[in-house]
Amino acid sequence: MLRRSIPRGGPPISPWQAPWLPMSSHIFCLCLTFFLGQMGLLQGHPQCLDYGPPFKPPLHLQFCSDYESFGCCDQRKDHRIAARYQDIMDYFDLKGHELCGRYIKDILCQECSPYAAHLYDAENPRTPLRNLPGLCSDYCSAFHSNCHSAISLLTNDRRLQESHEKNGAHFCHLLNLPDKDYCFPNILRNDHLNRNLGLVTEDHQGCLQLCLTEVANGLKNPVSMVHAGDGTHRFFVAEQVGVVWVYLPDGSRLEQPFLDLKSIVLTTPWIGDERGFLGLAFHPRFRRNRKFYIYYSCLSKKKVEKIRISEMKVSRADPNKADPKSERVILEIEEPASNHNGGQLLFGLDGYMYIFTGDGGQAGDPFGKFGNAQNKSSLLGKVLRIDVNRVGSDGKRYRVPLDNPFVSEPGAHPAVYAYGIRNMWRCAVDRGDPTTRQGRGRMFCGDVGQNRFEEVDIIVKGGNYGWRAKEGFECYDRKLCHNASLDDILPIYAYGHTVGKSVTGGYVYRGCESPNLNGLYIFGDFMSGRLMALQEDRKTKKWKKQDICLGSTKACAFPGLISTYSKFIISFAEDEAGELYFLATSYPSAFAPHGSIYKFVDPSRRAPPGKCKYKPVPVNTKSKRVQFRPLAKTVLDLLKEQSEKAARRFSNATSASRPDRASPRKGSSRKPASPTRSRKMFPGPGAKKRARVWSPGPQGKRKKSEKPRSGRLSQSAQRRRAGRSVPWPFLSRWPTRGRARGGPPRPVEAAAAEAGP
């Protein structure tokens, strides 16, 4: 027969169930519930007890098999829950197994539900965790009627243990959730909640709901972020003024720059000046040869504006510093105007370097009879392909690959790989599908338009991309446009200037952390700040565009996620693991330190735990590390501020309506609850994870109670429990740190978080 445990100190439970909370905390929690409910923000979203999105388990779940297609358990956690279930069921006889087995399994397996965080009130790490999941009233009543003796085995919550002996209605009231659709088992039957579970969330207009994390800030027009491909997982961020910074895998930045060319790079503080340090690329064999390449604007000795592509090496003395004396100029091209400078450097899968130049500037490519872009003898308005590993026979510091498309064409420059380009701003090589390798090696570019259209292109050998004959899919120069020999390559997508006025090319997502994004080409617009994605239909070879929307409070209500960003999208980036970022600023001047870097996060699904782990190659650092301090407020911070404002308004209204409680009575020594005391109940995001997991107090003596009418314990179990506290053998696997020895069980997720892997 079960005997009720009376712990001396219970775990923190939901704030609206805690009578010992200060009055200010009650007001805060009540107002939080009321305010978020009024704003429609209390609706649950898929989230696990570790505050991350659900995932598709890589292996079959034998116990909680209802969630093997999508949920919050991998095989390891499934085994833990199964072991706990067996330990609990050892206390029941055959009749108890028949009556209670399914109930107990269902309740334990809610930790695997994709809505586990909502069921346990764990969507916000600042609020206490429930002991048991939210149960629907009918289900709860049936559970209590048949198996109330199991409650003390499932939870150490004093109020729950005491309430179940009084009456089932009170017990089920404590397990009630404000929104009935999200309680168990109703949540399984809700077609609206489960129809697109695990897919990228879309709003009613089809806009993809993604979120961000802030990675860096305080940068001066960050134009490029690249990795070295050397296993260190550092990334190098170039500012337009000519300074390159090193960021380490732990998020810190080195105090001393990797490279400082401010004295050479040509740029100005003018808003929109396109000149400056524009491109950076590391050699595919960087780990062995220490070589990297840069692309920047400069002035010649005769004050002629040029773009310069140079080779440099990393210092032998410091792997985080470039050797300033190692610069070797590969190529220089005169610029007839200050705009349309290009700036992209890439290495293809073939090992050759690809250089993307602008058409020379001004408007409409007015240079010569057909413009620079259509003139194959000019290096402007082109994609160039060169071999930087060999020198040319004519004294050039590069060699032209023999299979370049125009090597044998009279009058054409042999380095030209593709032409008809206006000003491609940001290009990327597709890594290919992680499993099938499909798409590997494709080169995507955003080509900035003139007056009407922006376009996205895939670069092909010998391709003519139409400028200045065409802009997007339409004619720009009608005479050239109707030339039958044009034979141009059409964009995979183009958009008009009602959407944006300056495309910023992006990347095809091939990372690990957000599997739903695999194959999406994500890009944006510098002027409008819009983020967009293209998805290829493999059958028709057509590309469908979808907008990316940030700002959904429901979708991004995860720790550390933000839903706002600086408007002017300068560039996109990919780290060594394949995760996707973009660089933006709130003030587009090369001298204004308002640039930030953001990482994309899909809140609807993540990779299984442990799949995306990597071990960076250690790198010696001689410079001091500057720890990252985020400036953007997270969605949870904003919600907290809104709820605190609502709490203050509610408190003021309550005080005004009840003047007898507005001030303490004369002679009373009781102090009002202070904000500090209230805040202690809600630890901030910097708190350790174990602080978020409840720790029960010591187990008290158990007193005899009446024999349960159903769900009976086996005789051996009753003998084991006679005259002593209930043993919890399954807790012997967890360390006693943070809980009293012999305490009752907690959710498996909570114990695992404290115990570690």
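Helix α3 covers residues 94-108. Helices here are DSSP runs of H or I, at least four residues long, and strands are E runs of at least two, numbered from the N terminus. At 1.5 Å a residue, its 15 residues should span 21 Å, and the end C-alpha atoms lie 20 Å apart, which agrees. The expected span is 1.5 Å times one less than the number of residues. This is a predicted model: local features need pLDDT of at least 70, side-chain atom pairs count only at pLDDT 80 or more, and totals for chains, interfaces and linings use all residues. Numbering runs from 1 along each chain as its sequence is written, and side-chain values use heavy atoms, without hydrogens and water.

α3 has a kink of about 50°, centred on Cys 100. The bend is the angle between axes fitted to the seven residues ending at a residue and the seven starting there.

Now the strands. β16 (residues 424-429) has six of its six residues buried. Four bridges join β16 to the antiparallel β17 (residues 443-447). Cys 427 stands opposite Cys 445 in β17.

Further along, an open, mixed sheet has the order β1-β25-β24-β23-β22. Strands pair if DSSP finds at least two bridges between them. β1 (208-209) and β22 (503-508) each have a single partner strand, so one side of each lacks a neighbour in the sheet. β22 pairs antiparallel with β23 (residues 521-525) over four bridges. There, Val 508 has Tyr 521 of β23 as its bridge partner.

Notes. Buried means under 20% relative accessible area, exposed over 50%, partly exposed in between (1.4 Å probe, protein chains only).
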